Amino acid sequence: MNMKAKLSCPFCGAMAEELMVLELEHGDGSAVVCECCGAIGPRDSRPEQAVALWNGAAINALRQPAEVCHAG
């Protein structure tokens, strides 16, 4: 499932085309996953809410210093 309106990855900068909303194993809900760096966003039982949580996390990460955003 690929849903629109995803913000770019706050870790590697990948654009929305490289972000997928995936159903997680074991009934753990859905999350946005970056196909470039492997970042996994917050989980939720509703895919559209997982996208909203990803977007919120992306905005918050962009407000942090660069060393926090690119820690790895």
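Lys-6 is buried (under 20% relative accessible area, with exposed meaning over 50% and partly exposed in between, for a 1.4 Å probe and protein chains only), yet Lys-6 has no salt bridge, and the nearest side chain of opposite charge, that of Glu-17, is 8.7 Å away. A salt bridge here is a side-chain nitrogen of Lys or Arg within 4 Å of a carboxyl oxygen of Asp or Glu; for charge, Lys and Arg count as positive and Asp and Glu as negative, while His and the chain ends are not counted. The model is predicted, so local features need pLDDT of at least 70 and side-chain atom pairs count only at pLDDT 80 or more, whereas totals for chains, interfaces and linings use all residues. Residues are numbered from 1 along each chain as its sequence is written, and side-chain values use heavy atoms, with hydrogens and water left out.

Lys-6 is placed in the segment before β1; strands (E, at least two residues) and helices (H or I, at least four) are DSSP runs numbered from the N terminus. Contact means heavy atoms within 4.5 Å. Leaving aside neighbours within four places in sequence, Lys-6 is in contact with Ala-16, Leu-19, Met-20, Val-21, Val-32, Val-51 and Asn-55. Ser-8 also lies in the segment before β1 and, at 31% relative accessibility, counts as partly exposed. The C-alpha atoms of Ser-8 and Glu-18, ten residues apart in sequence, are 8.6 Å apart in space.

The largest nonpolar core has nine residues: Cys-9, Ala-14, Leu-19, Val-21, Val-32, Cys-34, Ala-39, Val-51 and Trp-54. Two or more of these residues come from each of β1 (19-23), β2 (30-34) and α1 (47-62). Such a core is a set of buried Ala, Val, Leu, Ile, Met, Phe, Trp, Tyr and Cys residues joined through side-chain atoms within 4.5 Å. In soluble globular proteins, nonpolar side chains tend to be buried together.

Strands pair if DSSP finds at least two bridges between them; β1 and β2 run antiparallel and are joined by five. These strands form a hairpin with six residues between them. In that loop lies His-26, whose phi is near 60°, a positive value in a residue other than glycine. His-26 counts as exposed, with 74% relative accessibility. Asp-28 lies in the loop between β1 and β2 as well, but is partly exposed at 44%. The C-alpha atoms of Asp-28 and Arg-43 are separated by 7.4 Å, although the residues are 15 apart along the chain.

What of the cysteines? With a disulfide taken as a pair of cysteine sulfur atoms within 2.5 Å, the count comes to zero. The sulfur of Cys-12 has that of Cys-34 as its nearest cysteine sulfur, 3.6 Å away, and Cys-12 is in no disulfide. Cys-34 is likewise in no disulfide. Cys-12 is partly exposed at 38% relative accessibility, whereas Cys-34 is buried at 2%.

Charge pairing remains. A search of the whole structure finds one salt bridge, in which the side chains of Arg-46 and Asp-44 meet at 3.2 Å, N to O. Arg-46 is partly exposed, with a relative accessible area of 42%, and Asp-44 counts as buried at 16%.
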